[in-house]
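Q: I would like a close look at one residue and its surroundings, followed by other parts of the chain. Please keep the account connected and give the cut-offs of the terms used.

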Amino acid sequence: MIFGRTFIIFIYFLFVLFFGLILRFSHIFSDFCETFHPPDNKQTYDYIIVGGGSAGSILANKLSRNGIDKVLVLEAGKNTIDLLSIPSISLLLQNSPYDWKYATVPQKNSCLGLNQNVSLWPMGKLLGGTSMLNNMLYVRGHKEDFNEWFKDKEDYYYSDVINYFKQIEDLLDVSDLAFSTELSDIVFNAAENLGYSILHCNYDSKLGFNKPKATLNKGKRWTSADSLKQLHRNNLVIRTSCLVEKILFRSNFEAYGVKFKFLNKNYEAFAQKAVILSAGVIGSPKILMLSGIGEKTHLEKLGIEPIVDLPVGNNLQDHLTTGLDLVLLDHSLNIGIEQMLSPFALLEYFLKGSGPLTTTGCEVMAFLNTTKTHTKPDIQFMIMPLGIKEDNGYYLRTLMGISDNVWSNYFAKIPHKSLTILPVLLHPKSRGTVRLASKNPLDQPLIDPQYLSDPRDVAVLIEGIELIKKLISTKEFKSFGAEFNQVIFPGCSNYIFDTKDYWECYIRHLTITAYHPIGTCRMGKTEDPTTVVDFNFQVKGTNKLYVVDGSVIPSLTSGNINGPILMLAGMAADALSKINYLSTKTCDFMDVFLRENICCV
Ligand SMILES: Cc1cc2nc3c(=O)[nH]c(=O)nc-3n(C[C@H](O)[C@H](O)[C@H](O)COP(=O)(O)OP(=O)(O)OC[C@H]3O[C@@H](n4cnc5c(N)ncnc54)[C@H](O)[C@@H]3O)c2cc1C
Ligand SMILES: *[C@@H]1O[C@H](CO)[C@@H](O)[C@H](O)[C@H]1NC(C)=O
Ligand SMILES: *[C@@H]1O[C@H](CO)[C@@H](O)[C@H](O)[C@H]1NC(C)=O
């Protein structure tokens with residue numbers, strides 16, 4: 001070979017460095033351009049939507065559709081540039097100025113193999129939000145998941161949920177993968193021989209193996225913000241670089257606008273119909289708490305005057321995974337750094353919209369159950385043709401915060417190529433919190449998912465690893481040159497390899513987020529003390545204030561969550577446009593009860 005591996009890695013290293021600089025430069029450049037276009041101050045709209053991410057973009061689209069209602073979208077991040085639509089580029093967006101760069105607090109029972117016992121949580125800080133740096137995999141979720149969300153709702157029909165999904169699928173391009181290796185055939189043959197079903201299309205998380213669908217348009221990343229930007233409606237204003245800090249309230253708990261910063265200057269905007277928070281699972285609870293809506297004792301401790309006492313920031317849940325590089329391979333598949341950096345890949349992408357640059361990472365998905373009692377899956381496999389070892393530890397491992405010790409004593413010791421079968425815990429029992437660190441809107445909040453605090457979560461992940469072993473021991477995988485990784489994980493050498501205790505130790509060390517946090521502004525019936533918004537997405541005890549994004553989801557679905565978030569946004573837009581905003585609620589008994597002795601005018 002003319003180009004040695006070291007040379008390729010060196011080129012890759014330069015590329016990552018160079019691209020990082022481009023991102024930083026483009027960010028500074030848009031700051032500069034924006035100084036010439038300040039937003040209007042103290043202007044009145046019908047709706048103000050805070051956050052132009054997955055959910056916010058759908059809302060803005062639907063609420064401005066009638067051409068009459070004036071809609072303002074305030075997004076803290078920048079506009080996107082076309083370059084960022086190349087699917088595989090998204091990994092480079094993490095830890096860039098287009099990422100909020102959140103991190104959890106040190107975990108007690110998990111993440112022990114990560115720097116500081118901390119899990120890194122990238123989230124998109126740009127138009128398109130986190131859907132600009134996600135893996136684009138599109139799943140609806142299992143019927144039972146939605147029945148669970150809406151079990152207390154009157155006139156709930158699953159068919160409504162499906163109709164909202166269909167609307168999303170009409171708006172967004174959901175297509176087959178534009179690239180795959182020979183891995184998928186091997187997996188399907190192995191799975192079939194083990195008795196699993198192979199499904200051609202599996203939107204609703206049926207048990208079995210399938211090829212995933214992705215939000216791709218001719219090989220390009222396709223987000224809800226893309227379809228928003230194509231509209232040119234006079235009644236729709238989208239402003240970037242506007243960080244919303246606080247909701248403005250009238251005396252009767254009626255939200256009438258927001259306070260925001262644009263390039264360090266204070267601005268206000270007013271809404272006649274509604275203020276809608278779509279700032280994501282961290283952003284939305286943060287704005288609520290900064291505005292005095294949250295647990296009273298927490299707010300008082302920080303010197304924030306409590307307005308409504310609600311369990312904001314509780315019920316935090318996330319999909320967890322583990323098992324990086326557990327499967328070794330004696331040869332490489334036709335994807336890797338070499339292929340990604342090759343000029344042919346670029347040509348193929350720009351000419352045909354296909355090739356390795358369009359990869360979502362994941363080639364095969366599976367939904368599996370580890371107990372007979374479940375009709376819905378409790379484990380999802382995401383099967384990828386590459387391992388984290390692929391780039392010799394230069395970049396990929398830093399995205400997960402894998403510690404030097406773990407890298408040099410585990411991953412660097414693996415003699416082979418690797419592929420990835422991630423077992424994702426679909427229905428975790430552990431619950432965490434998001435709290436403010438201070439009343440300064442610029443401070444990162446305290447995120448504590450309390451990963452694996454419930455031992456049942458560990459048990460399911462161990463079952464997931466057992467399933468991987470079963471798959472790998474099939475003759476299809478054996479003759480493909482795959483074997484199970486036997487290197488002992490640092491910190492777990494006190495346990496006998498491949499016992500339950502060993503795997504528990506392993507999982508508590510290599511605890512990796514699947515990037516699906518939800519639940520911090522839980523939706524449900526008004527009387528339920530654990531809920532923050534009602535089934536109309538309205539923040540309880542307030543008027544004209546709504547939350548619509550991943551934070552309202554009560555419990556995780558059986559699959560990736562961007563689809564369900566987009567579906568909810570479509571549902572919320574319809575609910576919001578049906579409300580008669582002229583009739584401001586008077587202060588009835590229920591309101592007084594919720595607001596705890598606060599006098600209504
Ligand atoms: C690495 C990664 C991979 C993923 N892969 C997949 C996948 O393959 N499939 C899938 O279905 N899901 C995936 N997800 C999850 C999915 O993308 C997110 O759950 C989803 O995009 C969240 O949507 P949202 O509308 O709730 O929030 P977001 O899309 O994050 O939108 C929130 C928006 O609000 C803005 N904002 C926040 N605070 C403020 C403020 N104070 N003022 C103004 N604006 C503010 C943010 O900048 C952002 O644009 C992935 C996530 C990550 C991180
Ligand atoms: C991480 O966890 C280990 C093991 O429990 C502990 O010894 C260490 O102090 C923790 N580090 C931090 C920063 O919490
Ligand atoms: C998964 O569910 C199916 C159908 O409900 C059942 O037949 C099967 O035994 C379950 N699998 C396990 C591992 O329990």
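Which helix does Met340 lie in?

A: Met340 is part of helix H10, residues 337–341. Helices (H or I, at least four residues) and strands (E, at least two) are DSSP runs, numbered from the N terminus. The model is predicted, with local features requiring pLDDT of at least 70 and side-chain atom pairs pLDDT 80 or more, whereas totals for chains, interfaces and linings use all residues. Residues are numbered from 1 along each chain as its sequence is written, chains are lettered from A and ligands numbered from 1 in the order written, and side-chain values use heavy atoms, without hydrogens or water.

Met340 counts as partly exposed because its relative accessibility is 23%; buried means under 20%, exposed over 50%, and partly exposed in between (1.4 Å probe, protein chains only). Leaving out residues up to four places away in sequence, Met340 touches Ser88, Ile335, Ala345, Pro356, Leu357 and Thr359, where contact means heavy atoms within 4.5 Å. Its C-alpha atom is 9.4 Å from that of Tyr12, a residue 328 places away along the chain.

His27 belongs to helix H1 (5–34). With 18% relative accessibility, His27 counts as buried. Beyond its neighbours within four places in sequence, His27 is in contact with Lys78, Pro97 and Tyr98.

Next, the ligand. Ligand 1 is surrounded by 37 residues, the closest being Ser54, Glu75, Thr130, Leu137 and Asn562; a residue is near a molecule if one of its heavy atoms lies within 4 Å of it. A polar backbone atom of Asn562 is 2.7 Å from an oxygen atom of ligand 1, and a backbone N or O atom of Asn135 lies 3.0 Å from a ligand nitrogen. Polar contacts here are pairs of N or O atoms within 3.5 Å. Taken alone, ligand 1 exposes 1,000 Å², of which the protein buries 96%; the areas come from the Shrake-Rupley method with a 1.4 Å probe. Helix H2 (54–63), strand S13 (242–249), helix H8 (280–290) and helix H17 (562–578) each give two or more residues to the shell, and S13 gives the most, three.

Finally, a sheet. Three strands form an open sheet in the order S5-S9-S6, with antiparallel pairing; strands pair if DSSP finds at least two bridges between them. S5 (137–138) and S6 (175–176) are edge strands with a single partner each, so one side of each has no neighbour in the sheet. Two bridges join S6 to S9 (213–214), and Asp176 stands opposite Lys213 in S9.

Terms used: Polar contact = N/O pair within 3.5 Å; in protein donor to acceptor, adjacent residues only side chain to side chain.
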